[in-house]
Amino acid sequence: MANLKDIKRRIVSVKNTQKITHAMRLVSSAKFARANQAVIAARPYNDGFERMVDKIVAVAGDTPARLTEKRGQHKKQLLVLVSTDRGLCGGLNSGLFKAASRFVKEQAEAGITFDTVAWGRRAGMFSRKVKWNLLLEREKVTDKPKYALAKQLAEQVVTMYLDGAYDGVQIAFVEYKSALSQVPTVKQVLPVLPKVTSKPTESSAHILIEPVVSEILEPALARLIVAQTFRILLEATASEHAARMTAMDSATKNAKEVVRKLTLQYNRGRQAAITRELIEITSGAQAV
Amino acid sequence: MTQTELNIKILSPERILYQGPVQSLGLPGVNGYMTLLPGHAVMVAQLDSGLVAMSVNGKAEPSLFISGGFVDVSATGVTVMADVIEKLAEIDVERVKKSQTRADERLLGNKSTAIDVPRALRAKKRAEHRIELTGAGKSAH
């Protein structure tokens, strides 16, 4: 039987933890609301830009572009892992790392190896733990992401792709579906895969392109990658806060349950002690 | 059917700056300034940094500064997309003047150091357009 004092101490400690998790939940839900807004606000630009690039690609036909051409000679790709910096967000990061590991393993069977870039502290920690070839590490990417940051990160990756010996670039992140659903995803960003087939269609023949296709294609594709990166950062941020909100909510509920059980145990113990004392007194009195 | 209005959307990656019908839309194309009128042919064009002018109900709307981007003209509407779009009130004149001076210094200053001339020129142009929008540069011209 646990000491009454110990139980009391545990109740106090669990209650303190509960206060923390509750506060974290409130903070996360405020941050989540903001992140959710940002995801929604970025949508029109993204959709518009994708539509436009599809048009350009449709007109471009077979015009060569460094960002769309397929490469296959190196058997090596770049994997960008987008994680959170901090933990306490449920299975968010571990789910992502599991998906990324599975992807790497599948690709390894096809003879493709990966170098990694970590956006987020947890991704760096994980890459080192599993001994992936970690080239770059960046923290605070999911801290209110700005377009300028996405641009910087995207340009860095594009430069590595264009200079380096990579066949492609994949980004692993947690896609944000809703507050209750976040899905780990591996997405290919390079070479760019346009949605449309690159055959010029009847309607695309009428599209004016200014100045000329060969000049507009590369900058448009480069911007598309920045826009995609920005979206990925925003979604990863929204996922993080949504996941932390859920995790902290269940932690708070859990703490409540633990406190209830401990209080019950404490009260029982106290009652038992009182009963014991009474028995001692009455049996003492009888003995006299 | 003749269209009398263009349905336009002006978008930056972070927000919608303008959405609605206009009678004309002036844009800084890379080959020169252009004005789109209702019924314009389907087009995709690259834009330089400069000012976007809109005319709504015969009156000119306040211009916007854009940092260069793209415009997608389709049968249903016009979408302007740029990295940075600013309204007049959002421009920090002090900061812009500083960047203008910095660009000038780069261009005129020490030639021996390797500088990115096109980049400095672009920066200078951006600063000039911003100043033009705020009207702060008027006395200098």
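How far apart do the C-alpha centres of domain 1 of chain B and domain 2 of chain B lie? They lie 24 Å apart. This is a predicted model, in which local features need pLDDT of at least 70 and side-chain atom pairs count only at pLDDT 80 or more, while totals for chains, interfaces and linings use all residues. Residues are numbered from 1 along each chain as its sequence is written, and chains are lettered from A and ligands numbered from 1 in the order in which they are written.

**Chain B: make-up and domains**

- Chain B holds 2 helices and 9 strands, where helices (H or I, at least four residues) and strands (E, at least two) are DSSP runs numbered from the N terminus.
- Along the sequence the pattern of chain B is β-β-β-β-β-β-β-β-β-α-α.
- Of the 141 residues in chain B, 29% are buried; a residue is buried if 20 or more other C-beta atoms lie within 10 Å of its own, exposed if 12 or fewer, and partly exposed in between, with C-beta atoms placed from the backbone.
- The domain assignment gives domain 1 (6-87) and domain 2 (91-140) of chain B, and such bounds come from an automatic or database domain assignment.
- The contact between them takes 7 residues from domain 1 of chain B and 8 residues from domain 2 of chain B; two residues are in contact if their C-beta atoms, placed from the backbone, lie within 7 Å.
- On the side of domain 1 of chain B that touches domain 2 of chain B, β5 (43-56) and β7 (64-73) of chain B are the elements that give two or more residues, and β5(B) supplies the largest share, 3 residues.
- The residues of that side of domain 1 of chain B divide into 2 nonpolar, 4 polar and 1 charged; Ala, Val, Leu, Ile, Met, Phe, Trp, Tyr, Cys and Pro count as nonpolar, Asp, Glu, Lys and Arg as charged, and the others, Gly among them, as polar.

**Chain A: helix packing**

- The axes of α1 (residues 4-60) and α5 (residues 213-287) of chain A come within 5 Å and cross at roughly 160 degrees; axes are lines fitted to C-alpha atoms, for helices over the stretch in contact, and angles run from 0 to 180 degrees between N-to-C directions.
- That angle makes α1(A) roughly antiparallel to α5(A), since angles under 35 degrees count as roughly parallel, over 145 as roughly antiparallel, 65 to 115 as roughly perpendicular and the rest as oblique.
- The contact of α1(A) with α5(A) has 36 nonpolar, 14 polar and 13 charged residues.
- Helix α4 (residues 147-163) of chain A packs against α5(A) at about 120 degrees, with the axes 8 Å apart, which makes α4(A) oblique to α5(A).
- By class, 10 nonpolar, 1 polar and 1 charged residues form the contact of α4(A) with α5(A).

**Chain A: loops and backbone**

- Most residues other than glycine have a negative phi, and most peptide bonds are trans.
- A:Leu88, in the loop between β1 (76-82) and α2 (92-109) of chain A, has a positive phi of about 55 degrees although it is not a glycine.
- A:Lys140 has a positive phi of about 60 degrees and counts as exposed, with 12 C-beta neighbours inside 10 Å.
- The peptide bond from A:Leu190 to A:Pro191 is cis, with omega near -10 degrees.
- The peptide bond from A:Glu210 to A:Pro211 is cis, with omega near 0 degrees.
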